[in-house]
Amino acid sequence: MSRDPATLAADEEPGVQAEVQRAAVRQLLAGGPFAESLHVLLVLVVAALVWNSLSLGLIVGWVSAVTAAALLRTWWRLQIGKRTPSAEEALRGVRLTVAGIGLAWGVGAAAAIPALQPHEGALILVVLTGIIAGATSALVGDRRSFRYLLLTTLAPIPFGILLQGQARFNVIAVVLIALFALGMDRVHRRGYRTFAERVRGGVLLELSSQELARQHAYLDALIASTPVAIAVLDDRRSVRSVNAAFEALFGYAAAEVVGAGIDGLIVPESLRSESSDLETRVRRGETVRVEVERVRKDGRRIQVRLSAAAVKAAADGALVALYEDISDRKAAEAAMREARDLAERVARARSAFLANMSHEIRTPMNAVLGFVELVLDTELAPEQRRALELVRTSSEALLTILNDILDYSKIEAEHLELESIPFDLPKVVHATATLLAVRAREKHLELTVDVLPDVPQMVRGDPTRLRQVLMNLIGNAIKFTEQGEVDVSASVMQRDGGGAAVQFRVRDTGIGIPAEQLGTIFQEFTQADASMTRRYGGTGLGLAISRRLVTLMGGELAVTSDVSRGSEFSFALTLPIEAAPQATARATVSLGGRRLLVVDDNETNRRILRDMLGAEGMAVHEAPRADAGMEALRRASRAGAPYDLAILDAQMPDQDGFTLATAIRADRALAETRLLILTSAGQRGDGERCRQLGIQAYLTKPIARADLVEAVGTVLAGTASAPGGVDLVTRHSIAESRHALRILLAEDNPVNQQVATAMLLKRGHQVDVVSNGREAVDAVAREGYDVVLMDIQMPEMDGFEATEKIRALPQGRSLPIIALTAHALSGERERCLERGMSGYLAKPFKAHDLFAAVEGRGAQPADAAAAPSPAVDLAGFRRAMEEAGAAEAVDGILETFVATLPQRLEALVAAAGGTEAEPLQRAAHAFKSAAGTIGAGHLAALLEEMERAARDGDVVGARDKLEHVRGEARAALDYLRTATKGGPDA
């Protein structure tokens, strides 16, 4: 790591000071014997000059003192030279010997001056000033040594001068000596600073040179040892230097490349112009980073990542280039691309397989389930009912397994996509539980639903997947519970801005799950133990799929359980809140301020009713037993505040709801009390029994809040009726009060027509049926409909084209159009909506799914522009084959169709020329299948009509369509010949 000069000086300051001290010692010891002999010579000269003025003893003593001091210094210097003393020791010796010489001169001069004439005294002072002046350079390395000499030499002299007297001359002489001493000290201080800075500068210069050399060595070692190949180029693109990695990467020795042009060494001929462009960019100041191809000495080409930049500190236009071998990475990327392409082909093939399997199984299952439900609603012999129940149960089990496998496959393939649409959350929860209420009643279980009032009504999310999770959890709870209850609840955990965190719980009193098996129940094809599969059935996929779905929706499915006491599954979802729809007016009274008594032995049921109706402003009171309820009614009547309504549970210990109702009607004080019965297990004859007892409403649990509020409002809007004359409010009467819709059903399959029509008619709606899209367009143009159910695949005109044409009609722009399709995979709904449809319903559908789609319509689509379709939907055929991973077979299939079309047409003409219908039917069917496969929809539709006519025995009618088939076949043939030769691809 390099250091700047300031940091270097700070770091090396102790060493610099030590070097200055050592330099001072060398300077102080550099004089040698000549300096001491000079002092002896000077003192002898002075003695000769004042020989006649001083006594012999004084002169001899002075000379002897100076000589002795000089000899002592000489002897000390010789001793020091024989060894290597420390700087401190040498300085002490210099200071002592210098002080000795100074004392010899100063004391001698002070003793001599009083006996001398002024001019002789001045001569002595001149000699002393010369000694001191010379010492400013001789002793420049040590301030203290000079001061010792200055003090010992000059300090005694003023005393000698003042002994002559205190005349002005003497005083001036003393002042001048003092000023001289100060001046010499200042001169020496400056000299010392100059000396110290000179020594310091020399030391720092040497240290800087050493640091620079170390940095150069470090940089050279760094470049030599770096694993990235480095080359330094001059302004002529010649190599100035390379490192070992460059030699290893390209196979050249350093001696081979230095001085050679870089292009001729490693740049392929075809890439040299590109290399020159890169150099131009670098010389403009840009740092270039590109992935390029370069060539080794042995001719093998390699992929490298080149990074190049100009050396800004160099004035000769040098460039530095770094080469990183990325051949392994490129190979890995190619392998990853191949693996990705393979995975995508496999995924497309799986999607196509799932779509085909879903279509082939769901279509016949629609007819089976639909007719079974319809027949079961009629009067049947016991043996017939048992057989049909077995058919329905087996069909639903098969459909459940199919759905589980499809969902699991879609999740595994990451093809399952969630919807994000507004939906009524409490309605979804209640409707889901209602679907399973029959199963709960069959096992004599109490199924309760508790959606707290603070749960938002309209939210945005995927209601289908939420319903699927709840269906699985509630179904499992019923399956594994032999007695007790199953409680379904929804509550708000937190509201944040425009969203709410809603927690869903499904609690049962069933067999429970052992603690050691809680960690495995969410695994695929797994139940708590193997014996449970044999006893209870199931694929073991339900919880695994539910957990994956909850995770996809942003939550986490958790479970707590106690063996023999039951289990609780819970999850929380954060759902954006949507604006609630405008409430529709109903012929009921306001519930605010009305008094209600709930008589039910189940605390959960009482709490649910309290929350539901309390949110409407009712004053809800509770009683856990029939006798307590009777007493509460009488007490309120006596207090003058009778209850407006009493809700009675039909199944209570000791005394059931009907018995309690009989007692209430027998009490004349309670005659005005309206009664509503809630039951978990409806029995035949309960309705007539309610009418005989004067009970106003009879509902089955679980009951949705909206249905309960509507029923209570309807009861309170009427009057208390006498036994036998009551108009009973039931789920059926509530449904009958709903608005009947006029519905257009566009479906070519007669079985599906009958199923959907029967369901809708039993619901109270009016249904018109057409068999193809063209008839649907004509019907909408002719009549007014509330909703259209549109099958996608129909002859003459499919559902998409019919929708486009309906949207073009003035009355069709806002008309709800619901797609009916046997494809239940992800993306089908979006495709239908993109084509202008309002909703989507997958076959086979159950009655409640159909009713929800028809009666609970969503947002209306924008106007859809109609566009003419080509003779062959070649783009759709190619897309389907690509999704199946067989795109390469498209051209061969089209060539085969074009080559065989004339033969197929001739066979059709030959069959039409006969009188038998069967050959004509077979020829039309074979031709239709081939046309439909490649996307010739118009041709396939005409052939379908011809096949249908032949199947009905109408040979003449089928023959009449032959010319239309010929024209459409020629159009398809011309289109394919143009498209396969590079023409428009529709």
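Me: Which residue in S16 does leucine 648 stand opposite?
Reply: Start with the general idea: strands of a sheet pair through backbone hydrogen bonds, either parallel or antiparallel. Here leucine 648 stands opposite isoleucine 677 in S16. This is a predicted model, where local features need pLDDT of at least 70 and side-chain atom pairs count only at pLDDT 80 or more, while totals for chains, interfaces and linings use all residues. Residues are numbered from 1 along each chain as its sequence is written, and side-chain values use heavy atoms, with hydrogens and water left out.

Me: In which sense do S15 and S16 pair, and over how many bridges?
Reply: Strand S15 and strand S16 (residues 674-679) pair in the parallel sense, over five bridges. Two strands count as a pair if DSSP finds at least two bridges between them. The names come from DSSP runs numbered from the N terminus: helices are H or I with at least four residues, strands are E with at least two. S15 also pairs with S13, again in the parallel sense, over four bridges. There, alanine 646 in S15 is the bridge partner of leucine 597.

Me: Which residues lie on the two sides of S15?
Reply: In a regular strand the side chains alternate between the two faces of the sheet. For S15, one side has Leu645, Ile647 and Asp649, the other Ala646 and Leu648, and all of them are buried. Buried means under 20% relative accessible area, exposed over 50%, and partly exposed in between, with a 1.4 Å probe and protein chains only. Five of the five residues of S15 (residues 645-649) are buried, so this strand is largely enclosed by the rest of the structure.

Me: Where is aspartate 600 found, and is aspartate 600 buried or exposed?
Reply: Look in the loop between strand S13 (595-599) and helix H21 (603-614). Aspartate 600 has a relative accessible area of 2%, so it counts as buried. Leaving aside neighbours within four places in sequence, its contacts (heavy atoms within 4.5 Å) include Arg606, Asp649 and Lys701. Its side chain also makes a polar contact of 3.4 Å with the side chain of asparagine 605. A polar contact is a pair of N or O atoms within 3.5 Å; within protein, one must be able to donate a hydrogen and the other to accept it, and residues adjacent in sequence count only if both atoms are side-chain atoms.

Me: Which strands stand at the edges of the sheet with S2 and S3?
Reply: First the order: this open sheet has five strands, S2-S1-S5-S4-S3, with antiparallel pairing. Strand S2 (239-242) and strand S3 (288-295) are the edges; each has a single partner strand, so one side of each is left without a neighbour in the sheet. Neighbouring strands are turned by 30 degrees against each other on average, direction ignored. For such angles, axes are lines fitted to C-alpha atoms (for helices over the stretch in contact), and values run from 0 to 180 degrees between N-to-C directions. Inside the sheet, S1 (residues 229-233) and S5 (residues 319-325) run antiparallel and are joined by five bridges, with alanine 231 opposite alanine 321 in S5. Helix H13 (residues 272-283) lies across S3, S4 (301-310) and S5, at about 150 degrees to S3.

Me: What is the strand order in the sheet whose pairing is mixed?
Reply: That open sheet has five strands in the order S7-S9-S10-S12-S11. Its edge strands, S7 (446-451) and S11 (558-562), each pair on one side only. Here neighbouring strands are turned by 15 degrees on average, direction ignored. S10 (residues 499-508) and S12 (residues 566-576) pair in the antiparallel sense over nine bridges, and arginine 507 stands opposite glutamate 568 in S12.

Me: How many residues does the largest nonpolar core have?
Reply: In soluble globular proteins, nonpolar side chains tend to be buried together. A nonpolar core is a set of buried Ala, Val, Leu, Ile, Met, Phe, Trp, Tyr and Cys residues joined through side-chain atoms within 4.5 Å. The largest has 44 residues, and those with the most contacts inside it are Trp62, Trp105, Ile124 and Ile157. H5 gives the most to this core, with ten residues. Take isoleucine 124: beyond its neighbours within four places in sequence, it is in contact with residues including Val46, Trp62 and Leu116. Apart from this core lies another, of 43 residues, among them Val428 and Phe569.
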